[in-house]
Amino acid sequence: MVQEALSNVRRHAPGTDAAVTVAAVDGALRVTVVNTPPARPVAAAGPGYGLAGMRERAALRDGSLEAGPTPDGGWKVEAMLPLRPEDG
């Protein structure tokens with residue numbers, strides 16, 4: 001998911017800064033990728049399956065994924081994945 005989110009940053013907002021955060025929160029792993037707003041508008045890169053694929057991967061782990069614009073014009077992807085005993 002991190003790789004796909006960072007690929008999306010590069011594709012849709014080249015040259016922006018991105019931050020990746022991974023934390024254990026209330027029995028789940030929270031993975032967040034946030035990028036700053038692009039300096040100039042970027043042309044649409046065409047339809048892709050990145051967000052849909054990330055949502056499917058989260059659902060396979062009984063998790064969730066939210067993605068959308070940030071108040072400052074950047075973009076945020078956040079996955080919540082339950083930690084299970086077998087995850088070690």
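**View 1. Strands β1 and β2 pair up antiparallel.** Here β1 (residues 18-25) runs alongside β2 in the antiparallel sense, linked by eight bridges; strands count as paired if DSSP finds at least two bridges between them. Strands are DSSP runs (E, at least two residues) and helices are too (H or I, at least four), numbered from the N terminus. The two strands form a hairpin with two residues between them, and D26 in the turn has a positive phi of about 50°. Look along the pair and you'll find V20 opposite V33 in β2. This is a predicted model: local features need pLDDT of at least 70 and side-chain atom pairs pLDDT 80 or more, while totals for chains, interfaces and linings use all residues. Residues are numbered from 1 along each chain as its sequence is written, and side-chain values use heavy atoms, leaving out hydrogens and water.

**View 2. Here's the largest nonpolar core.** Its nine residues are A5, V31, V33, M54, A58, L65, V77, A79 and L81. Such a core is a set of buried Ala, Val, Leu, Ile, Met, Phe, Trp, Tyr and Cys residues joined through side-chain atoms within 4.5 Å, where buried means under 20% relative accessible area, exposed over 50% and partly exposed in between (1.4 Å probe, protein chains only). At least two residues each come from β2 (28-35), α2 (50-60) and β4 (75-82), and β4 gives the most, with three.

**View 3. L6 sits in helix α1.** This helix covers residues 2-12. L6 is partly exposed, at 34% relative accessible area.
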